[in-house]
Amino acid sequence: MESRCPVALDPLGADIHAEGSRIRAQGPVAPIELPGGVKAWSVTGHAAAREILADHRFSKDGRRHFDAYVDGTVGEDFPLIGWVLMENMTTAYGADHTRLRKPCSHAFTPRRVEALRPAVEAIATGLLDELAALPAGEPVDLKGLFAHPLPARAICDLFGVPAEARAEMLRGGEVNVDTSISPEEAAANVARWHQEMLDFVDSKRRSPGDDLTSDLVAAQQADSSLLSDDELVGTLHIMLATGTEPVKNLIANAVLALLTHPEQLALVRSGEATWQDVIQETLRVEAPVAHLPFRFPVEDVEIGGVTIPKGEPVLVNYAAIGRDPEMHGADADRFDITRADKESLSFGHAIYRCIGRPLALLEAEIALAALFERFPHLGLAVPAESIAPQGTFIMNGVAELPVLLDARPTTMKAAVVPEVGATWELRDVPVPQPGPGQVLIRVRASGLCHNDLWLTDGHFPFPEFDPVVVGHEAAGDVAAVGPGVTRLKVGDRVGATWVQGTCGTCDYCKLNLPLTGQSGMNCAAPVMSGLTVPGHHAEYITVLADSTVLLPDEVSYVQAAPVLCAGYTSWSALRAADPKPHERVAVLGIGGLGHLALQFSRACGFDTVAITRSPDKHDLARELGAATVVADGAELAAAGGADVILVTGTSYEAATDALQGLRPNGRLVLATIDPEGSFSIGPASPVWAQRQQIIGATHNGLEHLTEALRLVAEGKVDPIVEVFPKERIAEAVALAAKGEVRFRAVVTY
């Protein structure tokens, strides 16, 4: 023990967690040095802290058991003297602690606290209304304008503190946890704070109200042995301070953790985690009270492998305890609301467990739920690393929490096609806003379809909207929902596709058919991504909510993108052919669609043939599911033919040739476009006599897209892609146009 070098605590608390790690390196109970050069001990181990918090050999009464204070070695110039001189339940020992705790404990039972819910909700709503009224787009300090006033108003209402006196009465508690002030400032604060409380108590004696302070005054008048004046004032000190400061930090720390871990926030929004999960994990990994003074052993006590001498101050390092790897593993420093064991001691333990815990948990849950519901696009206004700490080693919080109530950008990067035949350009354009029935999607990945290239080259009518952004294979997150949208919520992982909707009034729409690719080709005024409305090669897009599908958790954005058109088309084609278990399926064209069609066929258990004239694709075709590989229709016929031929390449000439290998009663499915060639049935072809069918198939219903994504999620199908960052979009287009991408280009945004 003597060989250990005490860690001198930083009065400014510049890095609470790094300091806690340095202390923990010396053991679960280690020597530290307090301001003023006072020797003390810090408890960083969960097991040791739990033992100390429940051990009756540790007193919190420094007036009796801080030996250096009792013998005069430590005087009233000690910077933390306020924590020694206060007379309340947190500085009492034994029977005195029980006596002082009892008058307030009845107010914080779960039933009484739940009855306060409407009042706390009203406070939260009022504060959020005040925030909403601030000038749009300007940073606001969420700690000062929400996290602090919410618990402050709640606790002051409970104790009957008038509005005009609250700032001064709470200021004393704020100063008391400031470990950077001078001894003179600390002593003056205690004296001023004490007098303010005495004056407040006198006012309640003269004019009692329906509040806890009046109840305490009445209890004292009924039994003078219950509370002295100093003890009553000390009780108010601790109840107002602990009812505000830790809850303020808990709310602010939770908001900061969620804004820097958006994937965790998404879990709450999706219902996979709760606000209590957030609160408990925040209490563990970002304990609102960092290093709480004081406990004093009334005799020498051996804990955690060391002997703490009688009368020496002990601080419980809650910030370090929550991150104890002995309790929470090697990733104890990581914020993870799905962690199975979130146990912490942040509200104390045993007889010193905070009586205000139920109210703190209620306030935090109401605050977080209301805040993120009211401002779903909340974001940090500055980089997280630039947010300054609170400036004390007693508390663990931030000095300010600058946020933007709506952090959505106003401009974004989009791949613009300037004119027919032009090179795609990455430009800054306005972020669209969702209208009725629409959602705004933050695009993470978007596939590059040959239709995009043909549109660029002028094979399709060039879009009339400006700027021209094409594409229809976007996977991303819902960033906002428009009026009337109930099926999706912010944070949902979704995929968007080609045909979004129809006019609803033309002759085709009056047939009331499902939304499919056929809808886009027959409706008089369809909503089609990249053709009639802006497409998906952008950081943000708006689409009709009913045209989207939820992405399985197991499918990444990059995996999902090609499935949203190529996979959707090839799976729809296979479903349209309706092969029977004994039938044979051939796939013509082993490219963006074909390599997926092979896998879909294999996943269904069909005897599968690949038709390709590219020898370099033979081995891969077999890996993807082909039992047989042939070059053309003649070789297919020689190999026994096929009951189903899925045409996934862009040559209708090759499709016509493949008819040679189609068996009687077979189905040839045209699932792609040849912008220059024509499909024909030769005069010698016996299609009519063989009862063969030629079927057209595109996107045949969103349920088919969901099925295709599920096969990817199950690992039965895996799109082969080349990934390009958005800055290389022009390169991706050029390579795809030359057929030098295998098999699908996916652009990340």
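1. In helix α29, the residues L702, H704, L705, A708, L709, L711, V712 and A713 are buried, where buried stands for under 20% relative accessible area, exposed for over 50% and partly exposed for what lies in between, with a 1.4 Å probe and protein chains only. The cover over the buried residues of α29 includes β20 (549–550), α23 (557–577) and α24 (594–603), contact being heavy atoms within 4.5 Å. Helices (H or I, at least four residues) and strands (E, at least two) are DSSP runs numbered from the N terminus.

2. Please keep in mind that this is a predicted model, in which local features need pLDDT of at least 70 and side-chain atom pairs count only at pLDDT 80 or more, while totals for chains, interfaces and linings use all residues. Residues are numbered from 1 along each chain as its sequence is written, and side-chain values use heavy atoms, with hydrogens and water left out.

3. To return to α29, this helix covers residues 702–713, which is 12 residues, and spans 16 Å from its first C-alpha to its last, close to the 16 Å expected at 1.5 Å a residue; the expected span is 1.5 Å times one less than the number of residues. After α29 comes G715, whose phi is positive, near 80°.

4. Across the whole structure, a search finds 9 aromatic pairs, a pair being rings of Phe, Tyr and Trp (its six-membered ring) with centres within 6.5 Å, and planes under 30 degrees apart counting as stacked, over 60 as edge-to-face and the rest as tilted. One of them joins F78 and F294, stacked at 6.2 Å centre to centre with 25° between the planes. This pair links distant parts of the chain, since F78 lies in the loop between α4 (67–70) and α5 (82–85) and F294 in strand β6 (residues 292–297), 216 residues apart. F78 counts as buried at 3% relative accessibility, and F294 is likewise buried, with a relative accessible area of 3%. W454 and F460 also form a pair, edge-to-face at 6.4 Å centre to centre and 80° between the planes, and W454 counts as buried because its relative accessibility is 10%. F66, F78, F294 and F296 form one aromatic cluster.

5. The charged end of R295 sits over the ring of Y352, 5.0 Å from its centre, and R442 lies over the face of Y540, at 5.4 Å from the ring centre.

6. On a 1 Å grid over the protein atoms alone, a cavity is a set of points where a 1.4 Å probe fits but cannot get out, whereas a pocket is an open set with protein on both sides within 12 Å along at least five of seven lines, and lining residues have an atom within 4 Å of a point. The count comes to 4 cavities of 30 Å³ or more. The largest cavity has a volume of about 710 Å³ and is lined by 43 residues, of which T90, I238, T242, P246 and C354 lie nearest its centre.

7. The second largest pocket has a volume of about 1,000 Å³, a volume being the space filled by probe spheres set on the points, which are joined across faces, edges and corners. Its lining has 32 residues, and α16 gives the largest share, 6 residues.

Methods: Lys NZ or Arg CZ within 6 Å of the ring centre and 35° of its normal.
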